[in-house]
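Here are my notes on this model, as numbered points. Please read them with the structure open.

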Amino acid sequence: IEFADAEVKRICVENWDTDGDGELSYKEAAAVTDLGNVFRASSETPNELITTFEELQYFTGLTEIGDYTFSCCTELQEIVLPNTIEKIDYGAFNFCPITHIDLPESLLEIGSDAFDFLVTVNIPKNVRLLGSGSKSYAGPFYSCPLVEFTVDADNQHFCAVDGVLFNKSMTELVCY
């Protein structure tokens, strides 16, 4: 895999280069089932080196982006999720300046405070739960400067009207 970001490559090779060749192959990436906390930083010591992780799309063994996985990667602006992701957990992209992300069709749940800086978001057709997790005091887009929601027309749980997110029957305002 050709990594655009040297720090991402360093972390990936350090953690998942099983054949010891100093590179990460597509096969090695696909074998990863949990990112753990190798990218996570803290507000006291943020990770300011990571700017992009488009190669995450090759980590097809992943079904979940865990709690705080990329938290405090304060320069991470671009990421491409694999089409196998079913859940994005609490605070997964907390303090990451991602303003747009293509959420995969496989996505079922988005945890509370998953994102901080999204400007627009399209909810894919299979998403059934927003604001999930043990810390679900707020929705997944609670602190985002969102301008507009769109929802896949085939989504059975949510709809957007004039950029405002509702449950499908429009009896509950989810987020605006």
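1. In β8, V151 is the bridge partner of I123. The two strands, β6 (residues 120-123) and β8, pair in the parallel sense over 4 bridges. Pairing here requires at least two DSSP bridges between the strands. Strands are DSSP runs of E with at least two residues, helices are runs of H or I with at least four, and both are numbered from the N terminus.

2. A caution on the source: this is a predicted model, where local features need pLDDT of at least 70, side-chain atom pairs count only at pLDDT 80 or more, and totals for chains, interfaces and linings use all residues. Residues are numbered from 1 along each chain as its sequence is written, and side-chain values use heavy atoms, with hydrogens and water left out.

3. Which residues of β8 form its covered face? They are F149 and V151, while E148 and T150 make up the uncovered face of this strand, residues 148-151. In a regular strand, side chains alternate between the two faces of the sheet.

4. Look next at E28, in helix α2 (residues 26-30). E28 is buried but has no salt bridge. Buried means under 20% relative accessible area, exposed over 50%, and partly exposed in between (1.4 Å probe, protein chains only). A salt bridge needs a side-chain nitrogen of Lys or Arg within 4 Å of a carboxyl oxygen of Asp or Glu. The nearest side chain of opposite charge is K27, 9.0 Å away. For charge, Lys and Arg count as positive, Asp and Glu as negative; His and the chain ends are not counted. Beyond four places in sequence, E28 touches W16, D17, T18, D19 and E23. Contact means heavy atoms within 4.5 Å.

5. I50 sits in the loop between α2 and β1 (52-53). Its relative accessible area is 1%, so I50 counts as buried. Outside four places in sequence, the contacts of I50 include D5, V8, F39 and L76. I50 and Q77 are 27 residues apart in sequence, and their C-alpha atoms are 8.6 Å apart.

6. Overall, the protein has 2 helices and 11 strands. Its radius of gyration is 16 Å, which agrees with the value near 16 Å for a compact globule of 176 residues. That radius is taken over C-alpha atoms, and the globule rule is 2.2 Å times the number of residues to the power 0.38. Buried residues make up 46% of the 176.
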